[in-house]
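Please read them with the coordinates open.

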Amino acid sequence: EISACLVGSEMCIRDRYNRSTTNHHTHLRRRKFMATKYRQISLKDTFSDCQDMFIEDTPSFFHLLDEHFDINEFIPSVFTNAFYQHLGRNRVYPLSGFLSALILQKIFSIPTDSLLILFLSLCKELRHFCGFSKVPDAPLFTRFRQNFEPYIELMFRQMVDFTEPICQLIDSSLAQILTFDTSGVELFVNENNPKTLNALIKRLKSFYKDKPEVDPYKMAYGLMPSQAASCPDAKQMYINGHFCYADKFGILTNGLGIVRDIVFFDDDFKAAHPELPVEKKSDSPDEDKTISDSAALKPVLSDFFSAHPTFHPNTFLGDAAFDSADIYGFLKNDFGFQKVLIPYNPRNESPLKKVGYNEYGYPTCPNDPLLAMKYCGITSEKGRSDRIKWCCPKVRMKNGQWICECEHPCSTAKKGRTTYTYENMEFRMFPGIQRDTIEWDALYKIRTSIERAINHFKTNMCIAGKHTRNHATTKADVFLAGIASQLTVIVAFRMNCPEYIRSLKPLVA
């Protein structure tokens, strides 16, 4: 019995010790976990992690570019001659190095030159890929953009010729679609400071507080100067829902979302196209933008097809700003588009009941489709195409005044209802595809590709938000982004991965 009690006591003590030891280790593990879980992350650790990730992931990407792309194939000979004969002596940094570094800056979404220089200093593989024995200073990158901007533009246009057959092989139907839109790069000028405009709007609101019919925002738009004082190329614009002073450009893309052309509306462009109307400010920024965009379309397309005579797109997609009889006419007759998808612009539509048309194409009374309207001659107005005027058949002149004898007039005008017909009106109504159909809606959705391309340039390739007011620097940055987009198409095609034709970032991540 005594031995049994001793054995039982020993087992009890051993169990208690084991439980105590287990609890102690559990407590230590819990403390260690809590300490690890709530450890404060420092900026130094974060930067080190990003640096390690960049250095570990990029060599394979550089090897991929080396395998599928050689930038020297696409550098124009005039660019090489201009670069190396500028100083009359050997260059410390090669031309291909500057171009490779600035293109990779767009692909990797590096927002500033100082950050690009930092990555060049940290990553040996990046320096080796660019061919730099040492890292260039920031002013060298700036001077490169400013001094060689025309050659960067030339290189972009030659790469567009090279990528067009690739787009046709990837999807010929989408490659036959052409879209156009305009945007702008906000420059670092005093007028873009929100305090400048807000202070003016605040004063106008205070002054016209007793006149609710006055719109202080439109009035502020009219009172602000049309261009920035420090940079004439920074024009007043209304983009993305706000006023700003921006360097305006137009962009053409195909249905795949690949950029086909970039045009800056600067003094050189206006000098090459004296037929462009003189821009005049009104009290409506939306109307100013609409008029400006529609006027720029024809010269942009003329220059594009002159530079690329082998391109033959058959479908044009545009927004409602291009809803004009003249635009439908030259898109069909001058440029050979078979389908033109442009929504009706509400400003071109009458709020009155629509007129009909008989078998001869004459407009008929909205209330009586058998009653044709009277021909009243041709109307010619400056800035508009000639139109044929038609008047209400029940209106006549009596004692020097117009009298409408209709019992149920469809207009309150003294001369009764008036409408117009014009050339290309039929193509506007039936632009190669039936409006308000599933086919129309499905095809017109492709137009959003140009919006995504502009956003990709501004956000992912970081051409927006830079602290610069130099026009040449801005142009060079936009064309470098265009070159990066063409490089993306070439590499994705040669890898047999068409899903990467818009961005190579998934290969780096």
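1. Overall make-up. This is a predicted model. The protein has 19 helices and 13 strands. Of its 509 residues, 43% count as buried. Take the contacts in the protein with a separation of 6 or more: residues 24 or more positions apart account for 67% of them.

2. Helices α3 and α8. Two packed helices are described by the angle between their axes and the distance between the axes. For α3 (residues 77–84) and α8 (residues 149–170), the angle is about 160° and the axes are 9 Å apart. The cut-off for roughly antiparallel is an angle over 145 degrees. The pair is therefore roughly antiparallel. The crossing of α3 past α8 is left-handed.

3. Sorted by class, the contact has six nonpolar residues, no polar ones and no charged ones.

4. Helices α4 and α18. Here the axes come within 9 Å and cross at roughly 80°. That angle makes α4 roughly perpendicular to α18. From α4 (95–107), the residues in the contact are L99, L102, I103, K106 and I107. From α18 (471–494), they are D477, L480, A481, I483, A484 and L487. By class, nine residues are nonpolar, none is polar and two are charged. K106 and D477 both belong to this contact, and Lys and Asp count as charged.

5. Helix α7. Which residues of α7 (residues 138–147) are buried? They are F141, F144 and R145. These residues cover an arc of only 95° around the axis, so they lie on the same side of α7. An α-helix has 3.6 residues a turn, so residues three or four places apart point the same way. The cover over the buried residues of α7 includes α3, α4, α5 (113–122), α8 and α18.

6. Loop residue H273. Look between α12 (267–272) and α13 (285–307): H273 sits in that loop. Is H273 buried or exposed? H273 has a relative accessible area of 8% and is buried, because the cut-off for buried is under 20%. Leaving aside neighbours within four places in sequence, H273 is in contact with P299 and D303.

7. Positive phi values. Most residues other than glycine have a negative phi. Two residues deserve a look on this count. S109 is not a glycine, yet its phi is positive, about 55°. S109 is found in the loop between α4 and α5. C462 is also a residue other than glycine, with a positive phi near 60°. C462 lies in the loop between α17 (448–460) and α18. C462 counts as buried, at 10% relative accessibility.

8. Helix residue K202. This residue is in helix α10 (residues 194–207). K202 is exposed, with a relative accessible area of 65%. How far apart are K202 and P216 in space? Their C-alpha atoms are 8.4 Å apart, while the two are 14 residues apart in sequence.

Technical notes
Residues numbered from 1 in each chain as written. Predicted model: local features only at pLDDT ≥ 70, side-chain atom pairs only at ≥ 80, totals over all residues. Heavy atoms only, no water. Axes fitted to C-alpha atoms, helices over the stretch in contact; angles between N-to-C directions. Helix = DSSP H or I, 4+ residues; strand = E, 2+ residues; numbered from the N terminus. Parallel < 35°, antiparallel > 145°, perpendicular 65-115°, else oblique. Left-handed = near helix turned anticlockwise from the far one by under 90°. Buried < 20%, exposed > 50% of the residue type's maximum accessible area, 1.4 Å probe, protein only. Arc of directions from axis to C-beta. Contact = heavy atoms within 4.5 Å.
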